[in-house]
Each structure stands twice: as structure tokens, then as C-alpha cells.
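The following briefing accompanies the sequence and coordinates shown below. It is arranged by topic.

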Amino acid sequence: MPSYVPPRLFRQLRQLTRYRRRLVSERSRARNRVHKTLDHDGLRIGGILSDLFGVNGRRVLDGLVAERSPRCILAGLTSRVRAKLAPLAKALAATLDPLALFALQVQLEAVDRADATLAALDVRIREALADYQRPLRLLQTIPGIDLGSACTILVEIGPDLGAFREARHLGSWAGVAPGNNTSAGKRRSGRVRPGNPTLRATLAECAHAAARTTGSQFHGYHRALAARLGYKRAILATAHKLLRVIHAVLRDDRPYTDPGIDYEHLVVARNAPRWIRMLTQHGFLEEAQAVRR
């Protein structure tokens with residue numbers, strides 16, 4: 001199969017979407033440094049507020065940088081944190097030394113710059129994809145995929161699925177399909193092959209969200225696999241299934257409809273006879289019946 005070369009617009013957009021992913025990682029590191037600076041000087045606010053960079057968390061941080069008193073900082077918070085005012089007042093009793101205060105200011109400026117750049121990138125990417133609103137809307141009907149992820153997936157795959165004859169070809173190209181290292185009738189390894197790292201990482205993030213979407217097929221699919229493969233390998237398998245669904249949705253030009261498959265029931269139905277046979281062989285069923293009596 002020849003190398004896949006998307007249209008020029010999508011090659012250019014890849015630079016923006018991939019830079020956006022790196023910028024999100026840099027912002028996360030800057031936020032972690034803010035947590036570390038506060039914890040180092042005893043202001044353990046991150047354990048009190050659920051989101052240190054939410055509305056109230058940011059008001060606390062801005063108040064610390066402006067060197068306001070704890071009373072002024074607490075007075076500017078919303079009523080949603082009324083139950084947390086006492087522990088917040090206790091945490092704000094500690095003070096930041098001048099160097100920590102300067103470090104906090106620099107780190108918050110880095111977070112703000114990243115936020116502004118990300119907002120500008122999002123606007124530019126969505127403007128460039130203005131002619132592809134239909135596939136973007138279709139992708140967002142799939143559990144775990146929001147607008148940002150839909151843009152990244154569409155940019156990486158391209159506007160035309162003709163380059164991938166079947167979903168398995170797309171999965172292999174993306175690097176989420178299981179490996180096929182077979183020799184002399186023996187399967188040596190099932191590790192995934194190298195593929196598109198940006199698409200694979202995006203699919204893994206979407207798979208995390210889809211696996212937590214109660215009522216979707218991905219929720220039961222991941223739970224059934226995680227019991228046997230472990231959480232991380234089950235996430236990669238869920239990402240592979242998600243990509244196959246993406247291929248079907250874009251190929252058929254139809255919104256996603258959940259089939260309502262209970263994968264846990266299928267696993268139990270397939271393995272229950274063997275489990276019962278082994279439990280009976282080792283006497284566990286007889287012991288359980290004796291306990292009930």
C-alpha cells in the first residue's frame with residue numbers, strides 16, 4: 001500500500017493540531033508546577049478545591065499573587081465553596097516567601113499564555129474546517145469524542161476514507177490494531193505496530209471518556225476486557241473499537257447509534273461452563289452449598 005498523503009490543507013492543519021497537543025502538555029506541566037510551589041510553602045489549597053484553576057481557585061491564586069489578605073481572598077469567592085471556607089482560611093494562614101511568590105506569578109503567566117494560544121488555535125482550526133461541519137458533527141455523536149477531539153481525528157485521517165479500504169487498514173495505520181507476529185503457526189507477540197502517534201494518543205483519550213460513558217457499548221466492552229487484560233491494554237483495545245466505529249460512521253455518513261451490546265454478559269456466557277467445571281473440580285461449589293445449609 002503506498003504512503004498516505006492527505007490534501008495540502010490537512011497537512012498544514014496537522015501542524016496546528018499537533019502543536020496544540022504539545023501546548024496542552026506544556027500547560028499541564030505549568031499547572032503542576034503551581035501545585036508544587038504552593039505545597040512546598042504549606043499552602044495545600046489543591047486538596048481543598050476540586051479544581052485549582054476553576055473560577056474560585058483562580059481567584060485564590062490571583063489574590064496570592066496580588067498579596068491580598070486571606071480575608072479579602074475569601075470574601076471574593078462564590079457561594080459554591082461556602083462549606084470550604086474554614087479549611088481554606090486555615091490553608092491561607094501560611095505565607096509565600098518572595099521567591100515562591102515570584103515563581104507563582106511566572107507560572108500563572110505561562111498558564112495564561114498557553115490558554116490564550118490554545119483559544120487562538122481552536123478558532124483557526126475550526127475556521128479552516130468550516131467546509132467539513134458534517135463529518136465533525138457525526139464524530140461528536142460517538143461517546144467520548146468532543147469537538148476538539150473530532151477536529152484532531154478528522155485532520156489526521158483526512159477527508160476521504162478511500163485510502164483505507166477497510167476499517168482494519170485504518171486501525172493498522174493508526175497503530176491501535178493488535179500485532180500479527182506469527183511464525184511456524186505460533187503467535188509470538190500481539191503488541192501493536194508503530195503507527196500515527198498523534199491519532200493513537202487522541203483515540204486513547206477518547207477511549208477513557210467512552211469507557212466511563214454509562215449505557216454505551218464501550219463501557220461494557222472496556223469492563224469485560226479490563227478484567228482479563230488490565231486497564232491500560234483494555235483502553236487500547238477500546239481505542240481500536242472506537243476507530244472502527246469512526247470508520248463506519250464516516251463511511252456511511254450516518255450518526256452513531258449504540259447497539260446496546262452487553263459485553264459482560266457475552267463474556268460470562270462464553271466462560272461460565274468452564275468456570276463452573278473448574279469450581280466443581282476443586283470443590284468450591286460443594287463448600288459454598290454446605291455454607292448455605
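Is Cys 206 buried or exposed? Cys 206 is buried, because its relative accessible area is 1%, where buried means under 20% relative accessible area, exposed over 50% and partly exposed in between, computed with a 1.4 Å probe on protein chains only. The model is a predicted one, in which local features need pLDDT of at least 70 and side-chain atom pairs count only at pLDDT 80 or more, while totals for chains, interfaces and linings use all residues. Residues are numbered from 1 along each chain as its sequence is written, and side-chain values use heavy atoms, with hydrogens and water left out.

**Overall composition**
- The chain holds 13 helices and two strands; these are DSSP runs numbered from the N terminus, with helices being H or I of at least four residues and strands E of at least two.
- Of the 293 residues in the chain, 38% count as buried.
- Among contacts in the chain with a separation of 6 or more, 64% come from residues 24 or more positions apart, contact meaning heavy atoms within 4.5 Å.

**Cysteines**
- Cys 151 is buried, with a relative accessible area of 4%.
- Zero disulfides are found in a search of the whole structure, the criterion being a pair of cysteine sulfur atoms within 2.5 Å.

**Packing of α1 and α7**
- Helix α1 (residues 8–40) packs with helix α7 (residues 147–157) at an angle of about 140°, and their axes are 9 Å apart. Axes are lines fitted to C-alpha atoms, for helices over the stretch in contact, and angles run from 0 to 180 degrees between N-to-C directions.
- The angle therefore makes α1 oblique to α7; angles under 35 degrees count as roughly parallel, over 145 as roughly antiparallel, 65 to 115 as roughly perpendicular and the rest as oblique.
- On the α1 side, Phe 10, Leu 13, Arg 14, Thr 17 and Arg 18 meet Thr 152, Leu 154, Val 155 and Glu 156 of α7.
- The residues of this contact comprise four nonpolar, two polar and three charged.

**Surroundings of His 247**
- His 247 lies in helix α11 (residues 231–252) and counts as buried, because its relative accessibility is 3%.
- Residues up to four places away in sequence aside, His 247 touches Leu 161, Phe 164, Glu 166, Ala 167 and Leu 170.

**Surroundings of Leu 85**
- Leu 85 belongs to helix α4 (residues 85–91) and counts as partly exposed at 30% relative accessibility.
- Apart from neighbours within four places in sequence, Leu 85 is in contact with Leu 74 and Leu 77.

Conventions:
Nonpolar A, V, L, I, M, F, W, Y, C, P; charged D, E, K, R; others polar.
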